[in-house]
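Morning, everyone. Please bring up the model on your screens, and we'll walk through a few side chains together.

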Amino acid sequence: MKKICGIFLIMFLVFSLNEKAYAGGDARARYEKAVRCILLKQDDFALIEFRSVIREFPKSGYAGKSVFAIAEYCYDHGIYNDAIKNFTEYINNYPASKAVTFAKAHLLKIIEDIKEPTWEEKRIFEDIKKDFFSKPLFLVFSEYKKTSYKSDGQNIFKIKYHTDNIEVYRNNQPFLKINQ
């Protein structure tokens with residue numbers, strides 16, 4: 001009897017550990033598959049995989065990265081309403097992330113590119129712009145402070161914080177300039 005109980009206990013532990021590893025691994029596998037699709041220039045398939053990560057694994061660490069990647073996809077394909085929605089969701093749900101600054105830069109770029117922004121869009125633009133300049137800048141023997149980020153959409157971002165303006169680069173191309 002003790003042998004049977006011991007065998008069932010071991011089987012239960014092995015099954016439960018494998019189930020947890022599978023659940024976490026599956027989110028990771030889906031996420032990595034999406035990134036591979038981007039590398040292969042299969043953006044639409046990547047979008048499907050990123051959405052499945054968010055839908056099936058909303059609490060995983062890959063969900064936030066997937067939201068940012070979807071927002072980038074929408075921006076790159078001119079789907080600005082969805083890009084605004086996803087970048088805003090990212091900013092609100094992952095405020096401590098390094099990518100929040102770049103999500104805000106995207107929002108500023110979208111609003112800047114809108115031909116006739118609404119009053120609300122202009123207000124959002126000014127609020128985000130103030131947020132960029134709200135942090136004190138301390139420069140020692142340098143013209144600017146620089147930070148960078150590589151997104152899961154394979155875009156490389158750099159920000160140069162000058163005393164009177166901020167320059168944002170996307171893939172080494174000027175993306176946005178914000179004057180104080």
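By what are R123 and E120 separated in helix α6? About one helical turn, because they are 3 residues apart in that helix, residues 119–134. Helices here are DSSP runs of H or I with at least four residues, numbered from the N terminus, while strands are E runs of at least two.

Before I go on, some ground rules. This is a predicted model, where local features need pLDDT of at least 70 and side-chain atom pairs count only at pLDDT 80 or more, while totals for chains, interfaces and linings use all residues. Residues are numbered from 1 along each chain as its sequence is written, and side-chain values use heavy atoms, leaving out hydrogens and water.

Back to our pair. R123 and E120 form a salt bridge, with their closest N and O atoms 2.6 Å apart. The term means a side-chain nitrogen of Lys or Arg within 4 Å of a carboxyl oxygen of Asp or Glu. R123 is partly exposed, at 34% relative accessible area. E120 is partly exposed too, at 35%. For the cut-offs: buried is under 20% relative accessible area, exposed is over 50%, and partly exposed lies in between, using a 1.4 Å probe and protein chains only.

Salt bridges that share partners also join R30, K33, E49, R55 and E56 into one network. How many salt bridges does the structure hold? The count is 10.

Now look at R30. One partner is E49, with the closest N and O atoms 3.9 Å apart. That pair links distant parts of the chain: R30 sits in helix α1, residues 2–39, and E49 in helix α2, residues 43–56, 19 residues apart. R30 is partly exposed, at 23%. E49 is buried, at 12%.

R30 also bridges to E56, and here the closest N and O atoms are 2.9 Å apart. Again the pair links distant parts of the chain, helix α1 to helix α2, 26 residues apart. E56 is partly exposed, at 39% relative accessibility.

Last stop: Y75. Find it in helix α3, residues 61–76. Is Y75 buried or exposed? Buried, at 10% relative accessibility. Leave aside its neighbours within four places in sequence, and Y75 is in contact (heavy atoms within 4.5 Å) with residues including Y80, F87, H106, K109 and F175. Take K109: Y75 and K109 are 34 residues apart in sequence, and 9.8 Å apart in space, C-alpha to C-alpha.
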